[in-house]
Amino acid sequence: FVFVCTIICFVFLLQTITPLFTQLFLENQLELPIYTQILISLHEKLSQYGAFILFFLFLSLIFIFFQIKSKGFLYQSLLSLLLSLPLFGKITLRTYLYQYCFTLSLLIQAGIDLLSSVLLAQQSISSQSIRHKLSQIHNSLLNGKSFYEGAKICKLFDSLTLSLIVAAQKGENFSQVLHTCAIYYKNQNKDTLDFMIALIEPLFTCLLGIFVLLLALGIFMPIWNLS
């Protein structure tokens, strides 16, 4: 919201203030600095293609909305791209692991057998790539192996979670351990998101400062030369 408002304010100022000074600069045949040239160029491009840009953005938002709603190819591609990013990939993966462990814990507590619970929890994941990796746990159980062996093969769970699963398989508190794993992933994501949110304010303050500085230098530097 802050980013969109910043962009809208910058475009509004660019389209209302820049034309007022451009004619003055051209009439006096001033040598325009690079900052002013950038502002004039941006103003001309927005004046020529602004309507097309808005129309394209509108169509893109509608297309993305329906892709997300239908879980289509673009949605899966965006998820794969998101999972490959350093920080956002970890947050997304932990979200899916939280959902998987929490769902599996509830299903086992409800009295559903482990094989059916694993399949249902796996199907609740929207990402095809994550769902495919989690299917190795179901395949492991079908082949007579343990849940731990399948979880180790899929390479999604960290060492702490795998250790908890090994310990849980020796007792009767498997659903409780899965719930603990889910809370563990949820807390990890909470710490990461709190850190990212703390960075948003100074980052957007810097961004707004860059826009204001560009407008100020682009407009006032030729005026100083004129005087």
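This is a predicted model: local features need pLDDT of at least 70, side-chain atom pairs count only at pLDDT 80 or more; totals for chains, interfaces and linings use all residues.
Residues are numbered from 1 along each chain as its sequence is written. Local features need pLDDT of at least 70 and side-chain atom pairs count only at pLDDT 80 or more, while totals for chains, interfaces and linings use all residues, and side-chain values use heavy atoms, with hydrogens and water left out.

**Overall shape**

Let's start with the big picture. The protein has nine helices and zero strands; here helices (H or I, at least four residues) and strands (E, at least two) are DSSP runs, numbered from the N terminus. Some whole-protein values are in this table.

| Property | Value |
|---|---|
| Span of the C-alpha trace along the principal axes | about 85 × 30 × 25 Å |
| Radius of gyration | 27 Å |
| Accessible surface | about 14,400 Å² |

The radius of gyration is taken over C-alpha atoms, and the globule rule is 2.2 Å times the number of residues to the power 0.38. Accessible areas come from the Shrake-Rupley method with a 1.4 Å probe, and for residues only the protein chains shown count as cover. Carbon and sulfur atoms hold 69% of the accessible surface. Buried residues (under 20% relative accessible area; exposed means over 50%, partly exposed in between) make up 31% of the 227 residues.

**Inside the protein**

In soluble globular proteins, nonpolar side chains tend to be buried together. A nonpolar core is a set of buried Ala, Val, Leu, Ile, Met, Phe, Trp, Tyr and Cys residues joined through side-chain atoms within 4.5 Å. The largest one here has 29 residues, and Tyr100, Leu134, Ile137, Phe147 and Phe157 have the most contacts inside it. At least two residues of this core come from each of H3, H4, H5, H6, H7, H8 and H9. Apart from it lies another core, of seven residues, including Phe10, Leu14, Leu39 and Ile219.

What does Tyr100 touch, not counting residues up to four places away in sequence? Its partners, by contact (heavy atoms within 4.5 Å), are Val118, Ala121, Gln122, Ile125, Leu134, Ile137, Phe147 and Phe157.

**On the surface**

Phe63, Ile64, Ile68, Leu78, Leu81, Leu82, Leu85, Leu87 and Phe88 form a nonpolar surface patch with about 740 Å² of accessible area together. Helices H2 (34-70), H3 (73-84) and H4 (86-109) each give two or more residues to the patch, and Leu81 lies in H3.

Finally, Lys155 sits in the loop between H7 and H8. Its phi is near 60°, a positive value in a residue other than glycine. Lys155 counts as exposed because its relative accessibility is 72%.

Notes
Patches are made of residues with over 30% relative accessible area and no salt bridge: like charges are joined within 9 Å, nonpolar side chains (Val, Leu, Ile, Met, Phe, Trp, Tyr) within 5 Å. A salt bridge is a side-chain nitrogen of Lys or Arg within 4 Å of a carboxyl oxygen of Asp or Glu. Buried means under 20% relative accessible area, exposed over 50%, partly exposed in between (1.4 Å probe, protein chains only).
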